[in-house]
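The following questions and answers show how the terms used for a protein model rest on stated cut-offs. Please look at the structure before reading on.

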Amino acid sequence: MKHPLFLPTLLVIGVIIGLSGGIPEWLTQGNLTFLLLAALVFQVGFGIGCRPDARLMLNSLRPKLAVFPLFTITGSLAFSGLAFFLLPQMAFSDVLAVGSGFGYYSLSSVLIQDMKAASAGTEAATVLATTALLSNILREVAALLLCGAMARRCKTYAAISVAGINSMDVCLPLISIGQKDNSLIPAALFHGLVLEISVPLLIGLFC
């Protein structure tokens, strides 16, 4: 329970600090958002390149499991699209952009803030980025709470999909609980890797 509670706690602390008005001016002006975005995109590439198990992961994949991330992407976007009918004030493309985070709350919110500001203005971009932040934090919290239970019931594929991008890191120990061997670990790693690469591509498409 510690990790799921940690992220919402940080969010609440950030809101309180922001409302207090005690933030240095340099944090709210200039190109800080762009620098954070550049650092996050670099981290994605750096993390992929530094994985010592990347080649082993690819060699261990079965052809059917290699396309598994596409089902997660399709399902996530399809159910995100349904939110459009509940939130008619949001553009359909904005709804899909929020759903394209796959649990990567830090990168997705910064990407949306930066890309949406150019076309819709800073205020609209901030609202959408905040929505993406909350949505993807909730997805990660839900994954941390559900993955272990799903894996124990031998629904490991479902656990991987629910985990989203976190199938390759924080949710991986929970996913492996229901396995007698490690045969699906490469699939979980590959799944998270493909989703990580797809986040900036999809958000760029929808924004």
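Q: Why is G192 called buried?
A: Buried means under 20% relative accessible area, exposed means over 50%, and partly exposed lies in between, with a 1.4 Å probe and protein chains only. G192 has 0% relative accessibility, and therefore counts as buried. The model is a predicted one, in which local features need pLDDT of at least 70 and side-chain atom pairs count only at pLDDT 80 or more, while totals for chains, interfaces and linings use all residues. Residues are numbered from 1 along each chain as its sequence is written, and side-chain values use heavy atoms, with hydrogens and water left out.

Q: Where is G192 placed, and what is it in contact with, leaving aside its neighbours within four places in sequence?
A: G192 lies in helix α12. Helices (H or I, at least four residues) and strands (E, at least two) are DSSP runs, numbered from the N terminus. Contact means heavy atoms within 4.5 Å. Once neighbours within four places in sequence are left aside, G192 is in contact with G164, I165, S167 and M168. The C-alpha atoms of G192 and I165 are separated by 4.2 Å, although these residues are 27 residues apart along the chain.

Q: Why does A66 count as partly exposed?
A: The relative accessibility of A66 is 31%, so A66 falls in the partly exposed class. A66 belongs to helix α5, residues 63–66.

Q: How many helices and how many strands does the protein chain have?
A: The protein chain has 12 helices and zero strands. Of its 207 residues, 39% are buried. Among contacts with a separation of 6 or more, 72% join residues 24 or more positions apart.

Q: What makes α7 largely enclosed by the rest of the structure?
A: α7 has eight residues and six of them are buried, so α7 is largely enclosed by the rest of the structure. The buried ones are D94, V95, L96, A97, V98 and G99. They pack against α6, α8, α9 and α12.

Q: Why is α6 called oblique to α7?
A: Axes are lines fitted to C-alpha atoms, for helices over the stretch in contact, and angles run from 0 to 180 degrees between N-to-C directions. Angles under 35 degrees count as roughly parallel, over 145 as roughly antiparallel, 65 to 115 as roughly perpendicular and the rest as oblique. α6 and α7 pack at an angle of about 140°, with their axes 8 Å apart. α6 is therefore oblique to α7. On the side of α6 the contact is made by S76, L77, S80, G81, A83 and F84, and on the side of α7 by F92, V95, L96 and G99.

Q: How are the residues of the contact of α6 with α7 divided into nonpolar, polar and charged?
A: Ala, Val, Leu, Ile, Met, Phe, Trp, Tyr, Cys and Pro count as nonpolar, Asp, Glu, Lys and Arg as charged, and the others, Gly among them, as polar. By this rule the contact of α6 with α7 has six nonpolar, four polar and no charged residues.

Q: Why are α6 and α12 oblique to each other?
A: The axes of α6 and α12 cross at roughly 40° and come within 10 Å. α6 and α12 are therefore oblique to each other. The residues of this contact include F68, P69 and I73 of α6 and F190, L202 and F206 of α12. The contact of α6 with α12 divides into nine nonpolar, three polar and no charged residues.

Q: What makes F102 a buried residue?
A: F102 has 0% relative accessibility and so counts as buried. Its place is in the loop between α7 and α8. Phi of F102 is near 50°, a positive value in a residue other than glycine.

Q: Which residues have the most contacts inside the largest nonpolar core?
A: A nonpolar core is a set of buried Ala, Val, Leu, Ile, Met, Phe, Trp, Tyr and Cys residues joined through side-chain atoms within 4.5 Å. The largest such core has 21 residues, and those with the most contacts inside it are I73, L77, F102, I112, V199, L202 and F206. At least two residues of this core come from each of α6, α7, α8, α9 and α12. α12 gives the most, with five residues. Another core, of 16 residues, lies apart from it and has C147, A159, C171 and I175 among its members.
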